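Subject: A structure to look through

Dear colleague,

I am handing over a structure for you to look through, and my notes follow below it. Please keep it open beside you while you read.

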Amino acid sequence: EDDATWLELDELLKTRWTHPLGGQIGVSAAAIDSSDGTTTEKVYSFCFARRARKIIAIKGADGNRPWLEASKSKKVGGRLHIVGVDTIKTHLRDRASLGTLMFSSDLPSVWY
């Protein structure tokens with residue numbers, strides 16, 4: 001909720017890192033969940049001001065929906081994007097059942 005955290009996030013999203021094979025990589029787009037009921041307006045304010053950098057505010061929705069779509073209603077300053085969580089979960093479950101998902105062996109169990 002505090003401004004210092006939002007500033008820190010903004011700097012992190014602008015960061016460029018050296019790729020092990022050469023060149024620079026960075027965050028080309030980001031989505032921030034706005035549906036916690038507490039920080040919704042902060043998320044909107046942060047994301048809408050950065051829409052040119054592809055920083056978007058999202059909210060998950062049930063049902064058979066596209067993975068990501070702009071909401072039909074426009075908020076002051078920008079547009080919320082709706083994430084089709086059931087569609088994505090079904091896709092991931094199907095991929096997992098085929099054994100086509102790969103994860104780093106360095107990830108701690110808490111990550112899963």
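**What was found**

Ile25 counts as partly exposed because its relative accessibility is 40%, where buried means under 20% relative accessible area, exposed means over 50%, and partly exposed lies in between (1.4 Å probe, protein chains only). The model is a predicted one, in which local features need pLDDT of at least 70 and side-chain atom pairs count only at pLDDT 80 or more, while totals for chains, interfaces and linings use all residues. Residues are numbered from 1 along each chain as its sequence is written, and side-chain values use heavy atoms, with hydrogens and water left out.

Ile25 has its place in strand 2 (residues 24-26); helices (H or I, at least four residues) and strands (E, at least two) are DSSP runs, numbered from the N terminus. Together with Leu12, Trp17 and Val27, Ile25 makes a nonpolar surface patch of about 340 Å². Patches are made of residues with over 30% relative accessible area and no salt bridge, with like charges joined within 9 Å and nonpolar side chains (Val, Leu, Ile, Met, Phe, Trp, Tyr) within 5 Å, and the accessible areas come from the Shrake-Rupley method with a 1.4 Å probe, where for residues only the protein chains shown count as cover.

**The strands**

Strand 6 (residues 78-84) is largely enclosed by the rest of the structure, because 6 of its 7 residues are buried. Strand 5 and strand 6 run antiparallel and are joined by 5 bridges, whereas strand 4 (residues 55-61) pairs with strand 6 in the parallel sense over 4 bridges; two strands pair if DSSP finds at least two bridges between them. His81 in strand 6 is the bridge partner of Ile58, and Ala70 also stands opposite His81. Strand 5 and strand 6 form a hairpin with 2 residues between them, and Gly77 in the turn has a positive phi of about 100 degrees.

Is Ser71 buried or exposed? Ser71, which lies in strand 5 (residues 68-75), counts as buried because its relative accessibility is 11%. Leaving aside residues up to four places away in sequence, Ser71 touches Arg79, Leu80, His81 and Ile82, where contact means heavy atoms within 4.5 Å. A polar atom of the Ser71 side chain lies 2.8 Å from the backbone oxygen of Ser73.

**The helices and the charged residues**

In helix 2 (residues 40-48), the buried residues are Thr40, Val43, Tyr44, Phe46, Cys47 and Phe48, and these pack against helix 1 (3-14), strand 3 (30-33), strand 4, strand 5 and strand 6.

Side chains of opposite charge can pair when their charged atoms come close. The structure holds 7 salt bridges, a salt bridge being a side-chain nitrogen of Lys or Arg within 4 Å of a carboxyl oxygen of Asp or Glu. Lys14 forms one with Asp10, the closest N and O atoms being 3.5 Å apart, and another with Glu11, where the closest N and O atoms are 3.6 Å apart. Lys14 and Asp10 both lie in helix 1, 4 residues apart, about one turn of the helix. Lys14 is partly exposed at 43% relative accessible area, while Asp10 is buried at 7% relative accessibility.

A further salt bridge links Arg93 with Asp94, their closest N and O atoms lying 3.4 Å apart. Salt bridges that share partners join Asp10, Glu11, Lys14, Arg50 and Arg53 into one network.

With best wishes

Methods: Polar contact = N/O pair within 3.5 Å; in protein donor to acceptor, adjacent residues only side chain to side chain.
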